[in-house]
Amino acid sequence: MIQIKDLAFSYTGNAPYILDKINLNITEGSYVSILGENGSAKTTLVKLILNLLKPLSGTITLDTEKIGYVPQRVENFNSQFPITVSEMLKCHMKVLKLKSSKSIFNSLDAVGMEDFHNTLIGDMSGGQQQKIFIARALMGNPKLLILDEPSTGIDIQSQREIYSIIKHLNLHLGITVLAVEHNLKAALDNSTHICMMESGSATLYPIDEYKKII
C-alpha cells in the first residue's frame, strides 16, 4: 500500500535532516499507529505521504489514489457558524467531483451519524464533530485512511466510539489505516503495527513484537 525508500527531508533543504533514510513498507489492510516524542516528525511524514511536502531525496510509492485524510482538530466551530453537516459534506462532494448524494448518506451511516445531517456543526460536541470529519474522509470510498491524532480534545467515551469506528473500517471494510497517535492505549489496542519514530528514523514493528519491547 505504501512503500517508502531512502526518504530524507528537512524544512531548510539542507542537513540536519528531520527524516533521514526512512525505509518503510506498509501493507494493504494494515492499521499502523505512528508513535514518537513531540518533534519526531510524525506529522511531517504524513504530509510527505499525502504529497503536501516534497522529499529532498528518496521515494514514496502509493498503490492507491483513493485516500481519506482527517487532520488534527483545529477547527473551532461554534453555535454562530451557520453550516450544517449536510452542507459541509455537499461542499466536499463537489471537491471530489462526486455525482450522487448517496455518498453523503453512506459516509454518515458508516460513522453512526446518519440522523445528524441537518445539525449545525457548531452545535455538536468535539466527539460528534470528529465523527463527521471521519465521514467526510470516507466520501469517495478511500482505500487508505490517514488520521492525525484522532482522539485529541475528545472525551473518553467519544474516544472509545471513534476508535471502534476506525477499527471497524479497517477490519470489515478492508481500509488501510495510518494514524499519528499520542494515545498509546488506543495504539496498542487497535493497531496491527507500530511505527516508532525517533532521531530522524522510523522503525515498523508488528504489534505483538512492539508490546514485548515496551
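Here is a friendly conversation about a predicted model, taken one feature at a time.

Colleague: Let's start with the open sheet: in what order do its six strands lie?
Modeller: The pairing in this open sheet is mixed. Neighbouring strands are turned against each other by 15° on average, direction ignored. Reading across the six strands, the order is 5-6-7-3-8-9.

Colleague: Staying with strand 5, which residue is the bridge partner of isoleucine 67 in strand 6?
Modeller: Strand 5 and strand 6 (residues 144-148) run parallel and are joined by four bridges. For isoleucine 67, the bridge partner in strand 6 is leucine 144.

Colleague: Which strands does helix 1 touch as it packs on the sheet?
Modeller: Helix 1 covers residues 42-49, and its direction makes about 140° with that of strand 3 (31-36). Its contacts with the sheet are to strand 3, strand 5, strand 6, strand 7 (176-180) and strand 8 (193-198).

Colleague: And what angle does the direction of helix 5 make with that of strand 3?
Modeller: Helix 5, residues 156-173, also packs on the sheet. It touches strand 3, strand 6 and strand 7. Its direction and that of strand 3 make an angle of about 130°.

Colleague: Which residue stands opposite valine 177 of strand 7?
Modeller: Strand 7 pairs with strand 6 in the parallel sense over five bridges, and there leucine 147 stands opposite alanine 179. Strand 7 also pairs with strand 3 in the parallel sense, over four bridges. Opposite valine 177 stands tyrosine 31.

Colleague: What separates the C-alpha atoms of threonine 176 and tyrosine 31?
Modeller: Threonine 176 is in strand 7, and at 1% relative accessibility it counts as buried. Leaving aside neighbours within four places in sequence, its contacts include Met1, Ser30, Leu144 and Asn170. Tyrosine 31 is 145 residues away along the chain, yet the separation of the two C-alpha atoms is 5.9 Å.

Colleague: Let's turn to a helix pair: are helix 2 and helix 4 roughly parallel or roughly antiparallel?
Modeller: Helix 2 (residues 85-95) and helix 4 (residues 126-138) pack with their axes 10 Å apart, at an angle of about 30°. Angles under 35 degrees count in one class, so helix 2 and helix 4 are roughly parallel.

Colleague: How many residues of that contact are nonpolar?
Modeller: Helix 2 passes helix 4 in a right-handed crossing. From helix 2 come Val85, Met88, Leu89 and His92, which meet Ile132, Phe133 and Arg136 of helix 4. One residue of the contact is polar and one is charged, while the number of nonpolar residues is five.

Colleague: Where is the cis peptide bond involving proline 16?
Modeller: Most peptide bonds are trans. Proline 16 lies in the loop between strand 1 (2-9) and strand 2 (19-26). With omega of about 0°, the cis bond joins alanine 15 and proline 16.

Colleague: What is the phi of alanine 41?
Modeller: Alanine 41 is in the loop between strand 3 and helix 1, and at 10% relative accessibility it counts as buried. Most residues other than glycine have a negative phi. Alanine 41 has a positive one, near 75°.

Colleague: Is glutamate 149 buried or exposed?
Modeller: Glutamate 149 lies in the loop between strand 6 and helix 5. Although not a glycine, glutamate 149 has a positive phi of about 50°. Its relative accessibility is 16%, so glutamate 149 counts as buried.

Note on methods
Residues are numbered from 1 along each chain as its sequence is written. This is a predicted model: local features need pLDDT of at least 70, side-chain atom pairs count only at pLDDT 80 or more; totals for chains, interfaces and linings use all residues. Side-chain values use heavy atoms; hydrogens and water are left out. Two strands pair if DSSP finds at least two bridges between them. Helices (H or I, at least four residues) and strands (E, at least two) are DSSP runs, numbered from the N terminus. Axes are lines fitted to C-alpha atoms, for helices over the stretch in contact, and angles run from 0 to 180 degrees between N-to-C directions. Contact means heavy atoms within 4.5 Å. Angles under 35 degrees count as roughly parallel, over 145 as roughly antiparallel, 65 to 115 as roughly perpendicular and the rest as oblique. A crossing is left-handed if the near helix is turned anticlockwise from the far one by less than a right angle, and right-handed if clockwise. Ala, Val, Leu, Ile, Met, Phe, Trp, Tyr, Cys and Pro count as nonpolar, Asp, Glu, Lys and Arg as charged, and the others, Gly among them, as polar. Buried means under 20% relative accessible area, exposed over 50%, partly exposed in between (1.4 Å probe, protein chains only).
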